[in-house]
Amino acid sequence: MVAFAGYPLLVGGRAVGVLAMFARHRLSTAVLDDLAPLADAVAQYVERKRAEDALRAGEARFRQLADAMPQIVWSARPD
C-alpha cells in the first residue's frame, strides 16, 4: 500500500462513518477532489437507510403491541 485517503461521512455535522480508500499507487488530486461529493452521497444513503430501519422497527413494535392487546386499537381525526 502506497496511499491512503479517508473522508468523514457527515450528515448535519454528525459523523455517520468514514469513506476510506487504499491504493498501490499515488492518488491524484482529481481522485482526492472527487472524494468529497462521493462521501456526501454515501453519507446521505447511510442516513436514509438508518432512518428506514428505525421506521420499520418502530412499526414492528407498534404492530406487536397492537396485536398483543385484547382491546381494539384505532385512531380517529377530530372531525
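This is a guided tour of one predicted chain, taken from the whole fold down to single residues.

Because the model is predicted, local features need pLDDT of at least 70 and side-chain atom pairs count only at pLDDT 80 or more, while totals for chains, interfaces and linings use all residues. Residues are numbered from 1 along each chain as its sequence is written, and side-chain values use heavy atoms, with hydrogens and water left out.

**The whole chain**

Begin with the chain in cartoon view, where you will find one helix and two strands, arranged β-β-α from the N terminus on; helices (H or I, at least four residues) and strands (E, at least two) are DSSP runs, numbered from the N terminus. The radius of gyration is 22 Å, well over the 12 Å that the globule rule gives for 79 residues, so the chain is more spread out than a compact globule; this radius is taken over C-alpha atoms, and the rule is 2.2 Å times the number of residues to the power 0.38. Along the principal axes, the C-alpha atoms fill a box of roughly 65 × 30 × 15 Å. Buried residues make up 14% of the 79 residues, where buried means under 20% relative accessible area, exposed over 50%, and partly exposed in between (1.4 Å probe, protein chains only).

Select Phe 4 and Phe 22 next, which form a tilted aromatic pair, with 5.0 Å from centre to centre and 45° between the planes. Rings of Phe, Tyr and Trp (its six-membered ring) pair if their centres lie within 6.5 Å, and planes under 30 degrees apart count as stacked, over 60 as edge-to-face and the rest as tilted. Phe 4 belongs to strand β1 (residues 3-11) and Phe 22 to strand β2 (residues 14-23), so that the pair links parts of the chain 18 residues apart. Both Phe 4 and Phe 22 are exposed.

Stay in strand β1 and select Leu 9, which counts as buried because its relative accessibility is 5%. What is Leu 9 in contact with, leaving aside its neighbours within four places in sequence? Show Arg 14, Ala 15, Val 16, Gly 17, Val 18, Leu 19, Ala 39, Val 42 and Ala 43, contact meaning heavy atoms within 4.5 Å. Then draw a distance from Leu 9 to His 25, 16 residues along the chain, and the C-alpha atoms are separated by 24 Å.

**The helix**

Finally, move to helix α1 (residues 29-68) and select Ala 66, which is partly exposed, with a relative accessible area of 21%. From Ala 66 to Asp 34, 32 residues apart in sequence, the distance in space is 48 Å, C-alpha to C-alpha.
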